[in-house]
Amino acid sequence: MKRCVEKILQYVQKPARYVGGELNSVVKDPRNVDIRYAFCFPDLYEIGMSHLGMKILYSLVNSREEYWCERVFAPDSDMEEQMRKNGVPLFALESGDFIKDFDIIGFSLMYELCYTNVLNMLDLAGIPLKSADRKSLTPIICCGGPCACNPEPMADFVDIVFLGDGEESTPAVLDLLNECKKSGASKHEFLLKAMDIDGVYVPSFYKDSYNEDGTLKELKPLFGAPEKVKKSVVSDMNKCFYPKEFVVPFISIVHDRAVAEIFRGCIRGCRFCQAGFTYRPIREKSVETINEQSKALIESTGYDELSLCSLSTSDHSQVNEMLTSLIDWTEKDKINLSLPSLRVDNFSDELAEKLNKVRKSSLTFAPEAGTQRLRDVINKNVTEEEVLRTCTMAFNNGWTSVKLYFMMGLPTENDNDIRGIADLGMQVLHAFYKNPNRQKGTGVQISISCASFIPKPFTPFQWEPEDTMENLKRKQHLLLESIPSKKIKVSFHETPTSLIEGVLARGDRRLGNVLLDAWKGGCKFDSWDDRFDFDSWSNAFKSNGIDPYFYTQRKRSFSELLPWDHLDYGVSRKFLERENIKAHENKTTPHCRIKCAGCGANKLNGGKCDARG
């Protein structure tokens, strides 16, 4: 560690965030590597260290002798103050070296409200924020992750965007950069070649123009760039790279456990869920692969908890066989097995019996809406009877705590749908007390969490208006008034942050200067309620002549060109249009294992899709 960094650690609350040296971290001799990659997570260490994507790409890059990937996290306010005061630029954990001297700097965009942190980290590193102001070949600034499906608000700041799975596109980009660095190629020459790599988008090779009404007129490709940029897809999850070890942190992090990814994609087609569409086609890992990778991680990290990662764990086509084989050794080795993302409509007695063999914690289910009509609108394909049957089954098997996730502000939602959330919560409460197997003297805790719905790109609701802050607050009060029991706890999403998230989610390139001014006005860590500064955001919109409600409260027509229409995530626009129409008719679409709806995502995987199970 550099002496200048070591000196300031005594003045910060959690110095372990910044020292590196954890178990399984990778240290190489910089003289023996060709490319140095700073993988940046634009949030605190505790959050970034929980991110599976970082763990995968960190190990993947470091598996190559000639490349070295190091971790970088957003410093907390106390550390940033010391860094700026003492002239210490942003540094990487493994070496302590300043990242401005690295060859490639990548940001994982997990959430729209982390964008100002990206700008802050670049500034802390001493790197010009705008791509146009960075003339030399290195460092190349890139981004990827869920928000990369509409990177347009960040287009001014990044050189390349990774679309889709990064396991194949990342090594290809590093190989190209290594080649260009050795040959003395310019940045422009590198970008001209990079745009031919599957899953790589070069924003500066597209020119935007707008209609008189403010809608996007054209994103014109330049320099022979493709009309459509396709995301990268890993074809076979059994052959896909997966780490044998994770870096084990010195301090407690949000998800401090080993994580086994069991499949990518989702069979369900919930119309609000961006991940359910952008991660298609569905690709499963075999039970054997899951077991092998899980054992390797437990062995190399020493963790006593293993979590299964997917969009819907119980939708794995061999879920019972998988759990049987995992429980065989986790129970014997005293490893707690965690199963998030369970569906209420396939929570069986057999599954409950298997879960009984692992440590009991709160069960989490997501009805998403309070009435059947609205659940049909969003294509949740879950009935009230199934919710109550599942909760009763859980109570019969000894659970006394249930979390229910809902959304507020969904398309076509009315006050009856809000009251329906309260009614369903009360029904679940009654189901507990009606349970004849209930142990006397035990209490129950029902937790209801209500997120504010935000329409996202590549979903059937991408054309829908977002509910207003005022109406969301009114609905929150209505829900609280509708719940008579103290045994039901309710939590909400802050509405001002929802507005900014909604603007950035479906925004265009004109938001680049808004982001810049918001950051200059002090905005960072915007996803943290205690740090969010709505006034500074409002001033940034005003000074740039941008109306934020143009992006949130306006219903878009199917004929409008959307800022992300030049990016191909596999799911066809026509399919999304059909699903939007069916939503307004209260009609559902069966999930993929019942009937293929022809979303088109399999075309990115040679026609293959594991949806049939």
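Predicted model: local features only at pLDDT ≥ 70, side-chain atom pairs only at ≥ 80, totals over all residues.
Reader: Why are E4 and E5 called paired?
Author: Two strands pair if DSSP finds at least two bridges between them. E4 (residues 140-144) and E5 (residues 160-162) have two bridges, in the parallel sense. The pair therefore meets the cut-off. Cys 143 stands opposite Val 161 in E5.

Reader: What makes E17, helix H15 and E18 a right-handed unit?
Author: A crossover is right-handed if, with the strands pointing away from the viewer, the path from the first strand over the helix to the second runs clockwise. E17, H15 (residues 469-482) and E18 make a right-handed β-α-β unit. E17 (residues 445-452) and E18 (residues 488-492) pair in the parallel sense over five bridges. Ser 449 stands opposite Ser 491 in E18.

Reader: Which helix gives the largest share of the lining of the largest cavity?
Author: Helix H3 (residues 52-62), with four residues. Lining residues have an atom within 4 Å of a point of the cavity, a set of points on a 1 Å grid over the protein atoms alone where a 1.4 Å probe fits but cannot get out. Among them are Met 54, Tyr 58 and Arg 71.

Reader: How are the residues and values set?
Author: Residues are numbered from 1 along each chain as its sequence is written, and side-chain values use heavy atoms, without hydrogens and water. Local features need pLDDT of at least 70 and side-chain atom pairs 80 or more, while totals for chains, interfaces and linings use all residues.

Key. 1 Å grid on protein atoms, 1.4 Å probe; cavity = no way out; pocket = protein on both sides within 12 Å on 5 of 7 lines; lining within 4 Å.
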